[in-house]
Amino acid sequence: MKLSRAPLPYNPKILELFRNPKNLGKMEDASVSAVAGNPMCGDMITFYLKISDTGIVEKASFESYGCAANIATSSIVTEMIKGMKLEDAWNVSYKSVAEAVGGLPSVKFHCGILAVGALKRAIRKYFEIRGATPTWLQKEPSFEEKQALEEEQLAKMLDKRMKLAEGK
Amino acid sequence: MVENVRELLKAHSGLKREVYFDVENSSPVPDEVVEAMLPYYNKVAYGNPTLTHKPGWEAFETLMESSQKLASYLGCRNAEEVNFTPGETEANNLAILGIARSLKEKARKVVISEVEPINVLQVVEMLQKEGFSVTKVPVDREGFVNLEKLREAVDHETAIVSLSAVNHEIGTIQPLKEAVEIVSDRNVETVFHTDASDAFGKVPFDVQALNVDLATVSSYKILGPRGAGCLYVKGGVDLERILEGQIGTQRLWPGVENTPAIVGFTKASELIFQDFETNVARIKRLRDKLVDGIMSIIPDVELNGPRGEKRAPDNANISFLRCEGEALTIELSLSGVYVSSGSACSRRLLQPSHVLIAIGRKFDQAHGSILMKVSRVQSEEDINYALEVIPKAVDRIRGISGSTGVS
């Protein structure tokens with residue numbers, strides 16, 4: 001299929017979150033943090049979660065090395081999950097994130113997926129550290145975790161190929 | 001979709017100043033060029049130049065004068081060597097496809113460099129599917145073509161070599177004369193094409209002195225209107241048309257000539273060449289001020305491409321580490337500074353700039369790269385404004401990355 005190259009039509013919600021991101025920055029007293037993506041992808045998100053003894057997300061914050069869509073989706077995820085039980089936070093899907101930012105341009109869907117991937121990694125890591133996995137937490141990686149891993153592996157592969165090419 | 005774009009535009013209201021550095025991708029046409037063009041829409045020369053009436057003859061006269069002027073700026077032997085096309089993409093397609101098709105029975109090899117513009121890369125990819133073999137000559141860390149590898153790549157079956165005179169992204173001025181000599185030494189029949197769109201009006205460029213066979217020039221890259229460009233074709237070089245239709249004054253490009261655009265293209269050339277040295281020196285001084293300013297104010301930045309005399313005077317290409325390029329283009333736009341980025345995100349191909357990767361930049365360096373071209377219409381104040389806005393924008397975007405994105 002021949003694709004056109006229309007300007008990225010970021011909607012007002014994304015622009016607003018890009019200009020004034022919510023819950024931005026490293027959290028010093030986080031219960032857990034997790035990363036998805038890497039600088040080679042041009043997309044990287046870190047989530048910080050503060051989780052209460054009763055398993056509620058008390059606070060969430062993020063840092064994002066990425067485009068406007070990446071920043072906006074990360075920001076909205078931190079807002080969506082604040083006050084949620086971990087089980088409900090786990091059930092946040094990239095589709096609901098895309099919806100919450102008022103829709104994403106199709107080439108930017110992966111940004112929403114990466115944001116949710118980082119969130120799910122953080123939740124999984126939280127339980128791993130505690131050594132107790134609740135029954136609702138699936139053992140096999142979720143769709144978003146798989147996608148994040150794929151993007152990271154692709155970037156690593158390209159990086160390796162470049163290093164090989166340099167050695168030629 | 002257009003609703004979203006309207007909202008994005010609203011977010012720009014109240015800009016103090018607007019500074020356009022994205023000459024790589026389009027350009028504003030200065031008033032004096034627009035004024036030169038306007039009469040040609042409805043006052044004079046609006047006829048078809050091949051027809052037998054006054055507006056047609058006027059158009060014919062206008063086009064002949066335009067080709068003569070461009071021929072003199074390019075150093076051609078005569079005006080017939082200038083072939084107008086609708087732009088750089090079309091001229092590059094015509095050059096490469098036109099030669100490949102004309103020589104396909106005896107020569108089926110094409111040689112380009114790793115850092116050619118996208119249109120050249122895609123044309124040769126198409127030729128590859130048609131059974132041509134394609135060699136991409138590597139470049140060094142400043143973007144200079146490896147002449148030894150060029151020598152190895154050319155043989156008795158090479159139909160065409162296409163090398164840009166000046167790299168469109170990082171401003172490397174290629175050793176074109178040496179490259180032409182090497183190619184001709186290997187195979188005197190190989191046609192040498194150069195995309196000179198980033199050389200014309202910016203560095204000395206003379207088709208006879210360089211002895212190239214074909215050369216592409218773009219109108220908008222010298223602040224002429226879009227919709228015009230030309231391909232220099234040395235007398236005696238035979239290439240096929242790539243589009244068919246009614247042929248007018250331009251033997252290689254069918255259809256009705258875009259006289260007003262060609263007039264604007266010619267006017268834009270005149271404005272540069274009437275005082276070439278002064279224009280270029282001024283652009284270079286402003287570019288140096290921009291680059292030196294950025295490099296001294298902002299930490300963790302890297303200039304992409306060569307420094308000094310081997311870099312085109314208008315080009316600035318800088319990687320801002322820990323700063324994603326697309327986010328930076330949007331942030332700068334909201335302050336009225338317009339640039340483009342080699343980031344994967346802004347290119348929509350999800351692959352960063354092939355030029356930056358070819359010179360050995362890491363992916364994160366390419367993702368944080370910004371391309372700016374200083375032009376004739378810019379002032380000292382424009383550069384000062386950019387130097388005020390860019391550090392703030394980089395700071396804010398780096399603030400969002402925090403410790404994330406440090407490799």
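This is a predicted model: local features need pLDDT of at least 70, side-chain atom pairs count only at pLDDT 80 or more; totals for chains, interfaces and linings use all residues.

A: Two residues are said to be in contact if their C-beta atoms, placed from the backbone, lie within 7 Å. Setting aside the neighbours within four places in sequence, B:Val237 is in contact with B:Val191, B:Asp213 and B:Leu214.

B:Val237 belongs to the loop that runs between strand 8 (229–233) and helix 10 (259–273) of chain B. Within 10 Å of B:Val237 there are 18 other C-beta atoms. A residue counts as buried at 20 or more such atoms and as exposed at 12 or fewer, so B:Val237 is classed as partly exposed.

Chain B has 16 helices and 13 strands. Of its 407 residues, 53% are buried. Among contacts in chain B with a separation of 6 or more, 71% are between residues 24 or more positions apart. The radius of gyration of chain B is 22 Å, which agrees with the value near 22 Å for a compact globule with 407 residues. Its C-alpha atoms fill a box of roughly 65 × 55 × 45 Å along the principal axes.

The other chain to consider is chain A. Six helices and three strands make up its count of elements, and along the sequence they follow the pattern α-β-β-β-α-α-α-α-α. The radius of gyration of chain A is 17 Å, close to the 15 Å given by the globule rule for 168 residues, so chain A is as compact as a globular protein of that length. In chain A, 46% of the 168 residues are buried.

Finally, there is the nonpolar interior. In soluble globular proteins, nonpolar side chains tend to be buried together. The largest nonpolar core here has 169 residues, and those with the most contacts inside it include A:Phe47, A:Ala118 and B:Tyr232. Helix 5 (residues 109–130) of chain A gives the largest share of this core, ten residues. From chain B, the core draws at least three residues from each of domain 1 (2–29 + 276–401) and domain 2 (38–273). Leaving aside neighbours within four places in sequence, A:Ala118 is in contact with residues including A:Ala34, A:Phe47 and A:Ala148.

Methods:
Residues are numbered from 1 along each chain as its sequence is written. Chains are lettered from A and ligands numbered from 1 in the order in which they are written. Helices (H or I, at least four residues) and strands (E, at least two) are DSSP runs, numbered from the N terminus. A nonpolar core is a set of buried Ala, Val, Leu, Ile, Met, Phe, Trp, Tyr and Cys residues joined through C-beta atoms within 7 Å. Domain bounds come from an automatic or database domain assignment. The radius of gyration is taken over C-alpha atoms; the globule rule is 2.2 Å times the number of residues to the power 0.38.
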